[in-house]
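Dear colleague,

Here is the structure I promised to pass on. My notes on it follow below.

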Amino acid sequence: PDRWNAYNELPLQLVQRGMPAGAIRHMHEAKTDADKARLFAAARAGHVSVLIGSTEKMGVGTNVQSRAVALYHMDCPWRPSDIAQREGRILRQGNQNDEVAIVRLVTERSFDSYMWQGVERKATFIAQLMRGKLDSREIEEI
């Protein structure tokens, strides 16, 4: 039997709330570079309202920011660089919108908030290293 997952549930919920099914696309539909180019062109033209994909699938080369208004983190990645990669899809030159929303979804009574806090700690530490100024006296390896 199929198990419930947010990746499949999201489009169902959007359609139930009135969004046309054709305006919702999954990145994994694009199997070839030509497929990706067509999907990205449709998104830039405004024919795709919601594009769903993983950090890996929507990584380097994803150029759909021209009409982007919101980015929803459905999960917390392990690395701060993955957050930067995701948010780089919307916080880019060429976006027609002056304001965008970045939303981090957290499930109640789950490990989600702990994960986000952990990635924030990693990002803070990495930023301190990069600027050459550690604000603490010790670094402990776990």
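**Salt bridges**

R25 and E29 are joined by a salt bridge, with 2.6 Å between the closest N and O atoms. Both ends are partly exposed, R25 because its relative accessibility is 26% and E29 because its value is 34%. Please keep in mind that this is a predicted model.

The search of the whole structure gave 6 salt bridges. Another of them links R79 to D82, where the closest N and O atoms are 2.9 Å apart. R79 has a relative accessibility of 46% and so counts as partly exposed. D82, at 12%, is under the 20% cut-off and therefore counts as buried.

A further salt bridge is formed by the side chains of E87 and R104, at 3.6 Å from N to O. E87 belongs to helix α3 (residues 80-87) and R104 to strand β4, so this pair ties together parts that lie 17 residues apart in sequence. E87 is buried, with a relative accessible area of 15%, whereas R104 is partly exposed at 42%.

**Overall layout**

The protein has 4 helices and 4 strands. Along the sequence they follow the pattern α-β-α-β-β-α-β-α. Taken along the principal axes, the C-alpha atoms fill a box of roughly 55 × 40 × 30 Å. Of the 142 residues in the protein, 28% are buried. Counting contacts between residues at least 6 apart in sequence, 57% join residues at least 24 apart.

In soluble globular proteins, nonpolar side chains tend to be buried together. The largest nonpolar core here consists of 10 residues: M27, A30, L39, F40, A42, A43, V48, L51, M58 and V64. Helix α2 (residues 33-45) provides the largest share of this core, with 4 residues. Apart from this core lies another one, made of 5 residues that include C76, I83, W116 and V119.

Leaving out residues up to four places away in sequence, A42 touches H47 and V48. G22 sits in the loop between α1 (6-16) and β1 (24-26). With a relative accessibility of 57%, G22 counts as exposed.

**A buried serine in a loop**

Which residues does S66 contact, once its neighbours within four places in sequence are left aside? They are R44, G94, N95, Q96 and N97. S66 is part of the loop between β2 (50-52) and β3 (70-73). Its relative accessible area is 13%, so S66 is buried.

**The loop between β4 and α4**

Two residues in the loop that joins β4 (101-104) to α4 (112-131) deserve a note. One of them is L105, which is found in this loop. L105 has a relative accessibility of 34% and therefore counts as partly exposed. Together with Y72 and M74, L105 makes a nonpolar surface patch of about 290 Å².

The other is R109, also found in the loop between β4 and α4. Most residues other than glycine have a negative phi. R109 has a positive phi, near 55°, and is not a glycine. At 80% relative accessibility, R109 counts as exposed.

**Aromatic pair**

How many aromatic pairs does the structure hold? The count comes to 1. The pair is formed by F111 and Y114, with 4.8 Å from centre to centre and 35° between the planes, which is a tilted arrangement. The angle falls between the limits of 30 degrees for stacked and 60 degrees for edge-to-face, and therefore the pair is classed as tilted. Y114 is partly exposed, given a relative accessibility of 46%.

Regards

Notes: Residues numbered from 1 in each chain as written. Predicted model: local features only at pLDDT ≥ 70, side-chain atom pairs only at ≥ 80, totals over all residues. Heavy atoms only, no water. Core = buried A, V, L, I, M, F, W, Y, C linked by side-chain atoms within 4.5 Å. Buried < 20%, exposed > 50% of the residue type's maximum accessible area, 1.4 Å probe, protein only. Contact = heavy atoms within 4.5 Å. Patch = residues over 30% accessible without salt bridge, like charges linked within 9 Å, V, L, I, M, F, W, Y side chains within 5 Å. Areas by Shrake-Rupley, 256 points an atom, 1.4 Å probe, with all protein chains shown as cover. Salt bridge = Lys/Arg side-chain N within 4 Å of Asp/Glu carboxyl O. Phe/Tyr/Trp six-rings, centres within 6.5 Å; stacked < 30°, edge-to-face > 60°.
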